[in-house]
Structures are given as structure tokens and as C-alpha cells.
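Colleague: I have a structure open and want to learn how to read it. Can we go feature by feature?

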Amino acid sequence: MKFTLSWLKDHLETSATLDAIAACLNSIGLEVEEIQNPAETLGKFVIARVLDAKQHPQADRLRVCRVEIAPGSQAEVVCGAPNARAGLVGVFAPLGTFIPGSGITLEKKPVRGVVSNGMLCSEAELELSGDHDGIIDLPAEMAAHVGKRYVDVMGLDDPMLHIKITPNRPDALGVRGVARDLAAAGLGKLKPEPKGFEGKGAFKNPISIALEFDKDAANACPCFAGRTIKGVKNAPSPAWLQRRLKAIGLRPINTLVDITNYITFDRGRPLHVYDADKLTGTIRARLAKPGEKFLALDNREYSVDPANCVIADDAGVLGFGGIMGGAGTGCSETTVNVLI
């Protein structure tokens with residue numbers, strides 16, 4: 001189970017230090033396996049702006065960039081990224097910086113005869129994502145922050161804690177459950193839970209939901225519920241939400257998917273969102289039938305086993321229950337009606 005310190009403090013009112021929180025988690029059986037503090041690993045990386053980018057005299061795929069690394073301060077950097085260009089606002093690593101994504105420490109040495117006095121970095125090199133096709137390309141207005149620490153400007157100075165969960169502690173598979181445990185241990189006060197939707201729906205749910213199991217298999221899925229929401233607008237999720245998902249190793253996809261992933265970790269409540277207009281008939285939780293298969297959201301085709309609990313509609317299997325949804329009913333930028 002992974003979460004960030006600021007995420008925990010959404011639920012827990014505490015002045016305890018990171019070390020004190022980690023010690024308390026260990027003492028109550030939620031063993032801390034890892035702590036990642038971006039402020040420590042990425043503290044030397046700063047916002048920078050490319051003033052000009054010229055062809056390297058001895059290499060077709062390299063450019064020699066003059067980079068503003070602080071107001072009134074410049075550095076010459078050799079860069080092989082295809083998106084390196086004049087005006088780009090990116091992230092600069094000075095000489096002597098350890099690059100976590102590649103495991104190297106920058107040294108002053110020539111690249112095809114031209115000395116590079118630092119490095120313009122990709123997200124992969126900062127271990128922010130797997131994107132290594134180009135250097136980080138920030139919005140033009142970020143040029144106002146040239147010379148400032150990247151982690152501070154982007155709000156990445158938020159330590160991530162990874163705790164080990166034993167099978168008897170499903171309550172700790174959500175950030176609020178962890179906060180409740182810490183409050184009970186005297187490390188702070190559990191904040192009141194925000195109220196959810198308390199009114200009645202504006203229309204009857206048009207999508208029927210059913211549990212279809214033999215008596216001997218009924219415990220495969222004791223409960224399955226859904227709610228239809230109409231007239232949504234899908235788009236990239238807010239920056240704060242994307243940062244939290246990235247911090248725990250999840251790839252932001254879009255607002256609808258990111259919200260369900262966030263709630264899954266925030267409350268320990270697994271959710272999935274379907275494009276309601278792509279569903280056919282009744283949605284069922286049932287055991288799989290021999291020979292069934294489906295294309296999942298990870299673009300892999302899965303053959304299901306009769307022992308698997310699946311979610312299906314009248315047209316076939318939609319996904320593995322509580323694990324992986326199908327590509328055919330996934331949400332996109334054109335989605336307007338959803339079943340959660």
C-alpha cells in the first residue's frame with residue numbers, strides 16, 4: 001500500500017514528523033517497506049529555458065543548447081532529445097548531479113568534442129514516468145520559475161510511504177484506514193469524513209445489475225452495485241490528482257479513470273467506470289464460462305477460467321471482477337454517460 005504524506009494528512013490531523021509516522025506504523029504492524037522523498041533525490045534539478053539550439057558540428061542527432069539555468073546564468077548543454085529547441089522550458093541537472101533513472105552522476109566531459117555542462121532531463125531520467133522519448137517540456141509560463149527547484153515548483157516535495165499489508169488488514173488498504181489506525185495509536189486526530197451524495201437520483205438507473213452464482217459459489221461476489229451518471233465531460237485530471245497517482249506508481253489516464261483509481265486507494269474501495277453507452281443489457285457478476293476471453297485495458301487478451309469471477313453484459317465478458325476492465329467498454333474523451 002502506497003500513499004504520500006500530504007495524502008495521509010488529508011485524513012489525519014498531526015504535527016508528527018515523517019520519521020515519527022514511520023516509527024508508529026512499524027509499531028502497530030503496518031511495516032514500512034520504503035520511503036521515497038523526491039525533495040532529496042530531485043533536489044538539485046531546476047527549471048531551465050533553452051535560449052537556442054544549434055546542430056552539433058559532429059553529430060546529426062545531437063544539438064548544442066544554450067540554456068538559462070538561473071536569472072543571468074547560462075550553461076552549454078549537449079542534448080540528443082528530438083524535442084530540444086529554442087524556447088523550451090525544461091528541467092536541468094548541473095554537473096555532479098546523480099540521475100536516478102540512469103544511475104549515473106554527471107561529469108564534465110566532451111560529447112563528440114563538445115563539453116556538456118549539465119543535462120536536460122526526461123521524465124524517465126527523474127523516475128517520474130517511463131517517458132524517455134524526449135526531454136521534459138513544460139508550459140511556456142513556467143519560464144518565470146527559471147532557477148527554482150523543480151520539486152518545489154511542481155509540488156513534488158511530498159514523501160511517499162510504502163507499507164506492507166498482511167491478509168488480515170484490509171482496512172489498511174485505504175489511506176483513511178491507515179489514518180484511523182495512526183489516530184487510534186495517539187499520533188493525531190482523525191479528521192471528519194466528508195459527506196458524500198445524500199440526495200435521490202434524478203432518474204431510475206437504466207442499467208440492471210445482477211449476481212448470477214450457484215449457491216456453492218455465492219461467496220465469489222457477495223455484493224455488486226452501480227450508479228449511472230449522465231452528461232459527464234472527460235478530460236485530463238487535475239494536476240494534484242495526477243501527482244498523487246504518479247507518486248504511488250500509477251499512470252494518469254483521464255479524469256473518469258483517475259477518480260476511480262484515487263477512491264480505490266483513498267478509501268480502500270475498488271471502483272471501475274464503464275462507458276454506459278457501450279454496455280449491452282444487464283451487467284452481471286458471475287463465474288466465467290469455458291472458452292470466454294476479452295481484450296483488457298492493458299491491450300492484452302485474456303482467456304478466462306471457469307473459476308474466475310468476471311463482470312459481463314449480454315454481449316460477453318467485460319473484465320475480471322475487481323481486477324481489470326475491458327477495452328471495449330472503457331472511457332474515452334467522447335464518453336458522456338458512465339456506469340460506476
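Predicted model: local features only at pLDDT ≥ 70, side-chain atom pairs only at ≥ 80, totals over all residues.

Colleague: What does R286 form with E292?

Modeller: The general idea comes first. Side chains of opposite charge can pair when their charged atoms come close. Here R286 and E292 form a salt bridge, with the closest N and O atoms 2.8 Å apart. A search of the whole structure finds 14 salt bridges. Some share partners: R176, E193, D266 and R267 are joined into one network.

Colleague: Which parts does the pair of R284 and D314 tie together?

Modeller: R284 forms a salt bridge with D314, and their closest N and O atoms are 2.5 Å apart. R284 lies in strand 18, while D314 sits in the loop between strand 21 and strand 22, so the pair ties together parts 30 residues apart in sequence. R284 is buried, at a relative accessible area of 18%. D314 is partly exposed, at 47%.

Colleague: And D52, is it buried or exposed?

Modeller: D52 is buried, with a relative accessible area of 19%. The cut-off for buried is under 20%. D52 forms a salt bridge with R66, the closest N and O atoms being 2.8 Å apart. This pair links distant parts of the chain, D52 in strand 4 and R66 in strand 5, 14 residues apart. R66 is partly exposed, at 36%.

Colleague: Now helices. Which residues of helix 2 are buried?

Modeller: An α-helix has 3.6 residues a turn, so residues three or four places apart point the same way. In helix 2, residues 18-27, the buried ones are L18, I21, A22, C24 and L25. Down the helix axis they fall within an arc of 165 degrees, so they line one face of helix 2. On the other side, D19 and S27 are exposed. Just after helix 2, G29 takes a positive phi of about 90 degrees.

Colleague: What covers the buried residues of helix 2?

Modeller: The cover includes strand 1, helix 1, strand 3, strand 13 and helix 5. Now look at the largest nonpolar core, which has 28 residues. F3, L8, I21, L25, I163, V178 and L182 touch the most other members. Helix 1, helix 2, strand 13, helix 5 and helix 6 each give two or more residues to this core. A second, separate core has 17 residues, including F45, V89, I99 and L138.

Colleague: What is I163 in contact with?

Modeller: Set aside its neighbours within four places in sequence. The contacts of I163 then include F3, L25, V32 and V178.

Colleague: Next, sheets. What is the order of the open sheet of three strands?

Modeller: Strands of a sheet pair through backbone hydrogen bonds, either parallel or antiparallel. This sheet has the order 1-13-3, with antiparallel pairing. Strand 1 and strand 3 stand at the edges with a single partner strand each, so one side of each is left without a neighbour in the sheet. Neighbouring strands are turned by 20 degrees against each other on average, direction ignored. Three bridges join strand 1 to strand 13. F3 stands opposite L161 in strand 13.

Colleague: How many bridges join strand 5 to strand 6?

Modeller: Seven, and the two strands run antiparallel. C65 has V77 in strand 6 as its bridge partner. Two residues lie between the strands of this hairpin, where G72 takes a positive phi near 85 degrees.

Key. Residues numbered from 1 in each chain as written. Heavy atoms only, no water. Buried < 20%, exposed > 50% of the residue type's maximum accessible area, 1.4 Å probe, protein only. Helix = DSSP H or I, 4+ residues; strand = E, 2+ residues; numbered from the N terminus. Arc of directions from axis to C-beta. Contact = heavy atoms within 4.5 Å. Core = buried A, V, L, I, M, F, W, Y, C linked by side-chain atoms within 4.5 Å. Pairing = 2+ DSSP bridges. Axes fitted to C-alpha atoms, helices over the stretch in contact; angles between N-to-C directions. Salt bridge = Lys/Arg side-chain N within 4 Å of Asp/Glu carboxyl O.
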